Every structure is written in C-alpha cells, then in structure tokens.
Amino acid sequence: MNKEVEKKYKRKVKEFQKHNKLYYDKSTPVISDREFDKLKADIINLEKKYSFLSSANSPTKSIGFKPSKNFEKFKHKVQMLSLSNAFEKEDLINFEKKILNYLNEKIALEYSVEPKVDGISASLTYLNGNLTYGVSRGDGSEGELITNNLKTIRDIPHKILKKNIPKEIEIRGEVFIEKKDFEKIKDNFANPRNAASGSLRQKDPKVTSKIPLKFIAYTFGFTSENKFKNQSEFLNELKSWGFLTSDYNKVIKGIDELFTFHEQFEKKRFDLNYDIDGLVYKVNSLQLQKRLGFTSNAPRWAIAHKFSADHAYSEILNIDIQVGRTGALTPVAKVKPVNIGGVVVSNATLHNEDEILRKDIRIGDTVKIERAGDVIPHVLEVDIKKRDGKSEKFNFPKKCPCGFETIKEFNKITKKYDAVRRCPDKGFECEKIAVEKIKHFISKDAMNIDGLGKKVVEKFWDLKFIKFPQDIYNLDYQKISSLDGWGSQSASNLKFSIENSKKVTLDKFIFSLGIRHIGIENAKIIADFTNNIKSFLNFFKKDKIKELINIDGIGETQVKSLEKFFQNKTNIKVVEKLSEILNVKEREVKSKGKLKNVSFMFTGKLQNISRAEAKSLIEENAGSIVSSVTKKLDYLVTGEKPTNRKVEQAKNLGIKILTQKEWSDLFN
Ligand code: AMP
C-alpha cells in the first residue's frame, strides 16, 4: 500500500517539476493554472495524509525555478517566498485559527488586503536611494540579476529622493502587463503573466523595453532599518516614494468580512486594467508578522485567496452573430477580458436565440461566465442587480449578415421549431458560410492541410485569394511570400502541404465537402457504396441519391441534405473542379483484425454507442457491414426494439443472432 502511495507521489512530484520549469523558467506553460494548482494541492494533500512522503522538489519545499544560465545569479538577502493558497471559506478559517494558536492569543486580527496581481515578482535594492540591483525571484534563494531589464519599466524609480528612505532597502512587487497591451500580443503568449515573464527575462534589455511592462510595489525584503508599524502604512509610504501601488489595497478585520469582500471583488475584477487571480491577505501588524515568521516556503502571516478557476464575471460589450458552416447563427458575447483559470476570455457563446430570450441577456449586462475544461466559455446567468435600467432587450437579427432572411426549421420528431436560427443553406452564396466551408475543407479530419489554419483562410479570403475550395490549389505563392508575416520559406512550406493534400481517399473527400448531416461515418458509408470518385459523380448527377436510404446508417435527413446539396449548381461545380485537381483514391479498408471475413448487421437501438461508432469499431477490426439479411450475413446484432422482420429472416436463414454484449465480447 505504502509503495503504491509513494509511487503515485513521486510521479506527481516529477510532473510538477516539469510544469514548474515550463511555468517559471520557460514562460510557456502547457497546462492551465487550474491544473497546475490542482497538481500542487494533490501533492500537499498526499504529504499531509502520509507523513513518510517528502521530496526536495515538492511545492512545499521548492519555490519557482532555479535561475536561468542566461543571467548572472544573485542571492537574496531575505528569501522570496511563495504564498499558501485558499479557495474555500474553510481554508480562511483554518488560516486564522493556526495564526491565533501559534501566537497563543485571542485577538481580532486586522488584515492588509491586496489584489494578487498575476505577473511575476521582482526585487529592487536601493542603496542610499539609488536603484542598484534588480533581481527576479528565481528559486526563492537565488534569482537572476536583471537590473537593466527592470530599469526599462517606467513605474520603477531609479532614484528615491525622500529623506526617510532607509540606507539599504529592498522593495518587492509585481511586474505585469495591462490587459489592453496584452490584447496586442496575445497570440504569442498563453496569458498576461507569461507575457510579462517572457518579456522581462530577455537577454537584451532593448527587447524588454519594447513591451509596455508595469510594476506595482507591495512589500519590502531586506531593510537596514524598519520604522513601520503596519503593512498598510508601508504601502502608503511606497506611494510617497514614487512607486505605483494598487488603488484597491484595503484594511479588513474578520474572516466573514474578508469572504464578503472577496465575493464582491470577484464580480468586479474584470473592470481592473490588469489581471488578478485572487486577493492576498496579510496580517497588518509588522510586529505580529515578525513573531509568526515563515514555514519552509511561505509566510505564516499571509495567504492568497484565489478566484474560481472555472467561472468569472464580466460585462457584455456587444453581441456578435457568427454564422457556422451549416448556416446556424450563433450569438457570441464580446466581454471585457477576464482571466478564468489562467486563460484570458473575451468571447463567450450565448448558444442561440432562445437562450438569449430565456435568460434575457442584454448588451451592458454583468454576466457569470463558465469555462470548464476544454468547453467553449459560455454565459451562465445575468446579474440582474447590476442592470442600470437603461438597457434594452436584445433583438436577435432576422437576417443573416449576408442579407438572406433566416429561418427556424420545424423538427418533425419533436414537433417543435428549432431553437437555432439559420441562414437557409444556399452554400457558397452566403459569404459567411463559404468561409466556414473552406475552413472545414482544410481541417484535420478532412483534407488536413497543415500550415493553412483557420486564421490564414480568413486572411486569404479577405485578400480575395480564395473564394471556393478549389482556389486553394491555384494560389499565387509569389504574392503570398510578400505578405506581412510570410516569406519564401513559409510560402514554400504551404505549397508543399497543399500539394501533399491532393492525394486523398474518397471518404475524406466526401467529408471535406461539408454537406450538412454528412459526418465522417456517413462519408465512409457513401464512399463504400459509390466505390470510386467516378461513380460518386455519376451517382449524384443521375440523381440516384434515394437509393442510399436502403443503406444502414443513412436516413431520410441525410438523403434530403444530399439532394439539397446537389441541387445547387455551384456545389456541383466545386465537386467537379476538385475531382479534376485531386487524386481521389478508394477508401482504405483494414485487412487484418479479429473480425476479418466476418459480416454484421444491426437492428434496434444500441446502448451507449451510436450506429456509426459501432460500424467504425467493426471496420477497425477488419470486419464488414452488410445492409440486408442475406446468406452472406454472419451475425445479426440486436439492440433495443429490433425489427421483428429482420430477426425472423435471420432465424429462417440460420444466421446467428447476437446481443450487443455478445457482439462486443467478440473483440473485447
Ligand atoms: P505564488 O506564485 O502562487 O507562490 O504566489 C506568490 C506570488 O504572488 C508572489 O511571489 C508574487 O509574485 C505574487 N503577488 C501578487 N500580488 C501580491 C501581493 N500584493 N503581495 C504578495 N505577493 C503578491
């Protein structure tokens, strides 16, 4: 048992070390802040539960990351520590309880409350008022000497003229980037903290000076004399010495009051010019701070009360209407940028017209946004109390931005109109749909053209380089190489991957056409039915689409959608042109597997798996699917409510009948 726990612990510490390096040293994290914090918490909890666990690389022992070899090292006179985290009220109650136990006193503690600016900390040593050393936190004991880089930041005074400045004092604070400046460079960094860290730790200070970094001061490290009583008093002094301090610093007594303030602040943090990921509470009395001291990696007298990592509040600036590949109009809220678990969110989906009506979402509203896992950020609810009385109900446009009147389809099964409003799918005639179709065409599961991402498609579309998918194969690479951000190498790389994509299998080709209701699995079925590109073209020209209805997996919806697609002349032209340019091959069928030479047919509803997925599984194991009960069939697989006729036929022919479980047992 202990061995298992130790193994798990070691694995987590190793993982932590890897991400710690990416986070602090390389400024290129690959996991979110939420995952990073969770990993830290997991390790801490394991250590709490099993006292025999310990490692020098644990987050309870190590801080940040050792200084980079690019810079001269500098030993901090007073360690630059981390902060413990609190997420729940209970964590705060425990924090105060521990302090009072440690002090063995029953007093009402006063806290200095400060926004936890999400940047990277830096230490500035002033000798006789002159900025002499500027250092990064590094691993807490040793940092990197980056004085010249820090001097490029305007908020950092090079000289302090006030008489009351100690002979030697080390001022600590946070280097960060404002949200508006981050917006300009956000494509290069995961979040503002990485932008600040990456820019500050450049070898060449000239590079640092190009990024508008800011500095907020919040504490001192080493000082040759200490005349201050309270943290709040010291913060005021910092201001008088010429430092920028936060306008939101405050003094609060009592855990309930801290908690309420946190709740309120969380709802307005989007209004700050910079990113914060929580509030820091510090025991205000410097004398008590001294008595409390430090654990191995954090002060006992301070805690960071983090904001939720999966939701945040923000204000809706506008509601944009986006048109998808199949014509669905999706309303998207443009919100004031807010950091949710390490990712800056400025768009949140509102799903559809009905959702806006139901929640009565309006421009100017303060809303709660959720971003959990990889799900697209979406608006959960409106904070009605924040409404000023001037806002108006949102009028969902009845027209697509392309000008066509939109429609709501009637669903025959539910006997209700769809919640989604659509541009009637006229294909390439709607400009919005056309771009989306091209984006789909190049995507991974379709033609898979590396180097031609969605952004590039949009750019080429705006420049009128492409209007239809076939235009991709007739690009002017000379012109492309002279575009901003391009060169001859990147243009020739693009050419290479476009040429490479020309060889494609029929199923991928069909899928890439982006016909509504024809997903990857349906495309495979149609590819198998039509066999090769020539008969695929003839099949649709001769309008034999209805024959498909007899194939398992294809229903009326798919047939109707295919008919509609091939009634459109532009679509036919696109398909014909592409078939001339591309080298479309037959679908590759797996030849080895447990189900080789075994054929199946399904009837009835399967549990926890779609028909398409079930077919894929059979194909992956080299089996085949047939569409009618004949002697060629080996197994009839029955789900819920199978068609009696098929079961009877199978029985008459002596074909084996399997339940879903028996079927899946055939190949595990
Ligand atoms: P962590 O990086 O999670 O260990 O959290 C500690 C860090 O929070 C410090 O090293 C600072 O970079 C940062 N921080 C931001 N604002 C403050 C503040 N007002 N007081 C102390 N630390 C702060």
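**Exercise 1. Describe the hairpin formed by E4 and E5.**

Step 1. Locate the strands. E4 covers residues 120-127 and E5 covers residues 130-136. Strands (E, at least two residues) and helices (H or I, at least four) are DSSP runs, numbered from the N terminus.

Step 2. Find the pairing. E4 and E5 pair in the antiparallel sense over 6 bridges. Two strands pair if DSSP finds at least two bridges between them.

Step 3. Look at the turn. There are 2 residues between E4 and E5. In this turn, asparagine 128 has a positive phi of about 50°.

The model is predicted: local features need pLDDT of at least 70, side-chain atom pairs count only at pLDDT 80 or more, and totals for chains, interfaces and linings use all residues. Residues are numbered from 1 along each chain as its sequence is written, and side-chain values use heavy atoms, without hydrogens and water.

**Exercise 2. Work out the order of the open sheet of 4 strands, and find its edges.**

Step 1. Read the order. It is E22-E21-E23-E24, with parallel pairing.

Step 2. Pick the edges. E22 (624-625) and E24 (656-659) each have a single partner strand, so one side of each lacks a neighbour in the sheet.

Step 3. Check one pair. E23 (residues 635-638) is joined to E24 by 4 bridges. Within this pair, valine 637 has leucine 658 of E24 as its bridge partner.

Step 4. Contact means heavy atoms within 4.5 Å. H22 (residues 644-653) lies across E21, E23 and E24, at about 150° to E23. Axes are lines fitted to C-alpha atoms, for helices over the stretch in contact, and angles run from 0 to 180 degrees between N-to-C directions.

**Exercise 3. Describe the shell around the ligand.**

Step 1. Name the nearest residues. Of 14 residues around the ligand, Ser82, Glu114, Glu174, Tyr218 and Lys282 come nearest. A residue is near if one of its heavy atoms lies within 4 Å.

Step 2. List polar contacts (pairs of N or O atoms within 3.5 Å). A polar side-chain atom of serine 82 lies 2.4 Å from a ligand oxygen. For glutamate 114, the distance to a ligand nitrogen is 2.8 Å.

Step 3. Find the strands involved. E3 (110-117) and E10 (276-283) each supply at least two shell residues. E3 gives the most, with 4 residues.

How values were computed: Polar contact = N/O pair within 3.5 Å; in protein donor to acceptor, adjacent residues only side chain to side chain. Nonpolar A, V, L, I, M, F, W, Y, C, P; charged D, E, K, R; others polar.
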